[in-house]
Amino acid sequence: MNDVSLNRALTQRYIDTEARLGAKNYKPLDVVLTRGEGVHVWDVDGNRYLDCLSAYSAVNQGHCHPKILAAMVEQAGRLTLTSRAFRNDQLAPFYEEVCALTNSHKVLPMNSGAEAVETALKVARKWGYEIKGVPDGQAEIVVAADNFHGRTVAIVGFSTDPDSRGGFGPFAPGFRTVPFGDAAALEAAIGPNTVAFLVEPIQGEAGVIFPPAGYLRRVRELCTRHNVILILDEIQTGLGRTGRLLAEEHDGIEADLTLIGKALSGGFYPVSAVLSNSEVMGVLHPGEHGSTFGGNPLACAVARAALKVLVEEGMVENAARVGARLQAGLAQVATSRVKEVRGRGLMIAVELHADAGGARRVCEALQGRGLLAKETHAHTIRIAPPLILTDDQADWIVDQFAAALP
Ligand SMILES: *Cc1c(COP(=O)(O)O)cnc(C)c1O
């Protein structure tokens, strides 16, 4: 038993100050964290929790991984930012290592995931005009319904979630939406001016939604046949989360542009990147795109360490093995109020029936048992612990769910 005791007074002071001074664009669980190590985090009252969100898969390597921390501290004392006006000695080795690991030909480093998405959209449009021969201003990009690609104005403009886009228009034209998982709809949507299809291999924010088997392979074929750039947003699914380095590997395909972020820094720092084959990225010339912090030496040093530990410490294989154990365990304790347990590797969701009282209540019960998870939409609980999770910890998570499920 792992009962959490909250000194409500201390916790409440932080919550009140946030409410008084902060924009209310989040509704977090009422837990105030102050320390993290591996799969665990501690609140201001000293209670320990197992983190089953991993900052939306940004801390795949576990909290405060000592080797990433050492790389960050060392680099922070040496050189943090040069801007791309000058070169730095961390960028080239980062390029080499990320390309070797992901089998890519070119890299464009940015900071947030949304910036990587924006970068890919710009590259795809320019490729459309300069290489594919689309008439000026006519480029079209196809996206999937229920997507999540970030929060910029261009990106929320092609969201289908009313909360994400409502009140933020007018939006950029040139996007067309098709149902996720429907390759025939994609084919029907592709026209002579279509330059790209942007899609998540598994839709994370939508609630860990899997497309039908064979979908991504079919999408790859369609994009190749119609000369359309396939952009895979692996910001959440990538870097080991699904038990492979990139989720595209499950389908044996390669995207033309692959977006990574989140765990690229192990949670220490915002680092994202667009990976590509050379033809597509070749449309960019000096001055046409950039970022003050993109590719800075601190980011590169942190990302190099984050990738290194992911591989050296076998986290990708561990995600596959422990993820299968955790999914099987959860399926076993699922009550009649559970509609489905689904997942790949350590990207898992427990979906409740609509009349089961809601996912938020389960998350609050889990919090009381020392497990932090976040509901996505009303009825789904996402379970995405750091990839260093042990068998015993997986079994412990199952026990907490068994006690907390309605
Ligand atoms: C988190 C996420 C993003 C956006 O990343 P930010 O760093 O929050 O801008 C984009 N795509 C997917 C699939 C994500 O999960």
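Mentor: H13 passes H14 in a right-handed crossing. Keep in mind that this is a predicted model.

Trainee: What makes the H13 crossing with H14 right-handed?

Mentor: A crossing is right-handed if the near helix is turned clockwise from the far one by less than a right angle. H13 over H14 falls in that class. The contact uses Val362, Ala365 and Leu366 of H13. From H14 come Gln400, Phe401 and Ala404. By class, that is 5 nonpolar, 1 polar and no charged residues.

Trainee: Now H12. Why are H12 and H14 called roughly parallel?

Mentor: Helix H12 (residues 315-333) and helix H14 (residues 391-404) pack at about 20°, with axes 9 Å apart. Angles under 35 degrees count as roughly parallel. H12 and H14 are therefore roughly parallel to each other. H12 also passes H14 in a right-handed crossing.

Trainee: Which residues of H12 and H14 make the contact?

Mentor: On H12, Arg321, Val322, Arg325, Leu326, Gly329, Leu330 and Val333. On H14, Asp391, Ala394, Asp395, Ile397, Val398, Phe401 and Ala402. The classes are 9 nonpolar, 1 polar and 4 charged.

Trainee: What makes a space a cavity and not a pocket?

Mentor: Escape. In a cavity a 1.4 Å probe fits but cannot get out, whereas a pocket is open. The whole structure holds 1 cavity of 30 Å³ or more. The largest cavity has a volume of about 30 Å³.

Trainee: Which residues line the largest cavity?

Mentor: Asn147, Phe148, His149, Gly150, Arg151, Ile155, Ser159 and Ser164. They comprise 2 nonpolar, 5 polar and 1 charged.

Trainee: How do you know which residues belong to the lining of the second largest pocket?

Mentor: A lining residue has an atom within 4 Å of a point of the space. For the second largest pocket, 18 residues form the lining. Arg84, Leu108, Leu284, His285 and His289 lie nearest its centre. Strand E4 (residues 106-110) gives the largest share, 5 residues. The lining divides into 8 nonpolar, 7 polar and 3 charged. The volume of this second largest pocket is about 430 Å³.

Terms used: Residues are numbered from 1 along each chain as its sequence is written. This is a predicted model: local features need pLDDT of at least 70, side-chain atom pairs count only at pLDDT 80 or more; totals for chains, interfaces and linings use all residues. Side-chain values use heavy atoms; hydrogens and water are left out. Axes are lines fitted to C-alpha atoms, for helices over the stretch in contact, and angles run from 0 to 180 degrees between N-to-C directions. Helices (H or I, at least four residues) and strands (E, at least two) are DSSP runs, numbered from the N terminus. Angles under 35 degrees count as roughly parallel, over 145 as roughly antiparallel, 65 to 115 as roughly perpendicular and the rest as oblique. Contact means heavy atoms within 4.5 Å. Ala, Val, Leu, Ile, Met, Phe, Trp, Tyr, Cys and Pro count as nonpolar, Asp, Glu, Lys and Arg as charged, and the others, Gly among them, as polar. On a 1 Å grid over the protein atoms alone, a cavity is a set of points where a 1.4 Å probe fits but cannot get out, and a pocket is an open set with protein on both sides within 12 Å along at least five of seven lines; lining residues have an atom within 4 Å of a point. Grid points are joined across faces, edges and corners, and a volume is the space filled by probe spheres set on the points.
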